[in-house]
Amino acid sequence: MIFKRVGLGRPYPDHGLTSQAWAALPPRQIRLDELVTTKDTLRLDALLDEDSTFYGDLFAHVVEWQGEYYLEDGLHRALRAALQQRNVLHARVHSVAG
């Protein structure tokens with residue numbers, strides 16, 4: 001299995017981070033098998049598009065909440081890493097208290 005679990009939706013409280021606030025977080029490596037997805041569907045055209053990260057953040061966004069790592073944004077990046085047989089993803093991680 002690629003991910004720890006496939007989830008549907010965000011179980012954690014709204015963190016209110018803006019794109020600028022996410023950009024201020026330093027990226028770090030997260031193992032794919034520690035991630036819980038917040039989406040259960042994928043657009044294949046976006047996965048295969050080489051320019052899919054051109055306008056967005058280069059790093060995935062992960063929310064740490066109650067000991068779990070939730071992949072909020074970057075499902076396509078994570079799957080692309082798995083297809084390239086990498087088991088880690090560079091992501092910006094925000095910890096939510098509670």
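**Close-up views of salt bridges and a buried threonine**

Arginine 5 has a relative accessible area of 36% and is therefore partly exposed (buried is under 20%, exposed over 50%, partly exposed in between, with a 1.4 Å probe and protein chains only). This is a predicted model, where local features need pLDDT of at least 70, side-chain atom pairs count only at pLDDT 80 or more, and totals for chains, interfaces and linings use all residues. Residues are numbered from 1 along each chain as its sequence is written, and side-chain values use heavy atoms, leaving out hydrogens and water.

View A. A salt bridge here is a side-chain nitrogen of Lys or Arg within 4 Å of a carboxyl oxygen of Asp or Glu. Arginine 5 meets glutamate 68 at 3.6 Å, N to O. This pair joins strand S1 to strand S5, 63 residues apart (strands are DSSP runs of E, at least two residues; helices are H or I runs, at least four; both are numbered from the N terminus). Lysine 4 also bridges to glutamate 68, with the closest N and O atoms 2.9 Å apart. Glutamate 68 is buried, at 16% relative accessibility.

**View B. Aspartate 33 pairs with arginine 31 in a salt bridge.** Their closest N and O atoms lie 2.8 Å apart. Aspartate 33 is partly exposed at 35%, and arginine 31 is partly exposed at 35%.

**View C. Threonine 38 sits in the loop between strand S3 and helix H2.** Threonine 38 is buried, with a relative accessible area of 7%. Its side chain reaches the backbone oxygen of leucine 71 at 2.9 Å.

Notes:
Polar contact = N/O pair within 3.5 Å; in protein donor to acceptor, adjacent residues only side chain to side chain.
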